[in-house]
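Hi,

Here is the structure I promised to pass on.

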Amino acid sequence: MTTSNRLGELLVREKLISLQQLRRAQEEQTRSGKNLGYTLAKLGYISDNEITGFLSAQFRLPAISLDEYEIEADVTKLVARDMCDKHKIIPVSRSGSSLIVAMADPTNLHAIDDIKFLTGYNVEPVVASETSIQAAIERYYNIGPSYEEVMADLELGNEEIDFTATEEEINALELEKASADAPVVRLVNVLLLNAIRKGASDIHVEPYEKRLRVRYRIDGVLTEEMNPPLKLKNALVSRLKIMSQLDIAERRLPQDGRIKLKLGKGREMDFRVSVLPTMWGEKVVLRLLDKGNLQLDMTKLGFDADPLTDFQWAINQPWGMVLVTGPTGSGKTTTLYSALSDLNKPGVNISTAEDPVEYNLHGINQVQMHDEIGLNFAMALRSFLRQDPDIIMVGEVRDFETAEISVKAALTGHLVLSTLHTNDAPATISRLLNMGVEPFLITASVNLVLAQRLARRVCPECSRPVAVDPEALADLGASPEQTKTAKLARGAGCTVCNNTGYKGRIALYEVMKFTDDLKEMVLQGASTAELKTAAIRKGMSTLRASGIRKVLEGVTTAEEVLRVTMAD
């Protein structure tokens, strides 16, 4: 749902405007192209100040009048104008390691994450009207050097300036013909089949100014595979686009597609294809989806006995929420699919909203999201609730609206499974609170939170015992008792593991059962650190502790655990 639609719904819900007024404003907005807040104010239904005050009270954030505020130039330099226009935000000031940002939509976590990633600052949102933010953007970002200053900086003198010509437009028919040439067809086939043979999860085809690079992501780590001739760049990309049923003539916009390969003996392999225009051409990333390798047996994913018992308890409850958290590529979807596979019985109605649907599961109603036509997680969730569901899986809780509907579904007799992007299990509760979900709703709905990472396994073909260093293990966090029974191993490197010493991956889990004591702490406003300490005291095994056990069993190495987990 867009910022405008979310604002409209909130204003109607709080009876600050009527539904008829919202409909009229939306019709006017469609004609004028202006934002909803501006349109509502223009029609006299509500003032800009009232909208800002409402959002401030709704999300318990300070409001700011940008007209009365002077923003320093070194602050605006921290965030580019295109990001300000995209998210309707503007940086206001710095305070230590924090950047104060005025936002028209304080629930826009994507904007907060983007700014935090690009600037390295912690983001503290304040509320301002969309109209005043747009005016401030025009005011602070339209200042540029004069023509004279630019010419003076160049210090031309009598020197000549060389201009590199932009890549000429290539006829689509020529591209199609070149992509059908035997060498290109063979090269693409080799790329795809080698990736399958080596167990890669992704293929990256990357053009640069003077070279073309192909990399495979194997067991979570990118390795360079080959450097095809640069002259094959356009033909190679076009071949992949034709196989994905994409528009080969469109080279300025990102595109997404899919390739399905039949490999004989009834085996099929899907490739999810993403094409992105870059400085030197189009970069193509292919995600390999091998249903034959999908591990749906939870006992083989890497769970220890007690965390597995807790997780199975949570997914077998008649209602409530189970949240799985971790970064992209940490195996969250596999864990959820494993849970759904356990729950998938003839007497149960399961619906999933995914973006994208990675694997097709028989007996489960899977819905692909299409944001461009308005089919997002929130809309799918509303529809699910009219479909007599027992179990709902939501691909990701991204915003307040999705979180709110998920919580309500969990409170009305449904089991809801979903994912979030946080660093560990206790931080998930804080993330929901920051989204605007009330503490009493979180404590009433959440059954369990699971955080996970993927660490590479020691290759079984070249695994060798390693001498135990008690001091090193103690530094890692192992107890003296654990050190006594340790059986460390390391891969020497062989043809099976491409001389890396690792083959396959194992999941590390941090399972936080949301007990009554933890719920009481949330209601009393406990911090993430306090929740984590209490959960560990109650027996929660952290990601680092889970990794240490795998090291002591010889499943993975200390370097791997240090790479994918943080110290407790």
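First, some ground rules. It's a predicted model, so local features need pLDDT of at least 70 and side-chain atom pairs count only at pLDDT 80 or more, while totals for chains, interfaces and linings use all residues. Residues are numbered from 1 along each chain as its sequence is written, and side-chain values use heavy atoms, with hydrogens and water left out.

The largest nonpolar core has 72 residues, and Leu-66, Ile-90 and Met-512 touch the most other members. (A nonpolar core is a set of buried Ala, Val, Leu, Ile, Met, Phe, Trp, Tyr and Cys residues joined through side-chain atoms within 4.5 Å; buried means under 20% relative accessible area, exposed over 50%, partly exposed in between, with a 1.4 Å probe and protein chains only.) There is also a second, separate core of 30 residues, including Leu-294 and Leu-450.

Back to Ile-90: beyond its neighbours within four places in sequence, its contacts (heavy atoms within 4.5 Å) include Leu-66, Val-101 and Tyr-140.

Now the surface. Met-279 sits in the loop between β8 (268-278) and β9 (281-289); strands here are DSSP runs of E, at least two residues, and helices are runs of H or I, at least four, numbered from the N terminus. Met-279 counts as exposed because its relative accessibility is 70%.

Finally, Ser-541 lies in the loop between α22 (528-537) and α23 (543-552). Is Ser-541 buried or exposed? Ser-541 is buried, since its relative accessible area is 13%. Its contacts include Tyr-509, Val-511 and Arg-549.

Cheers
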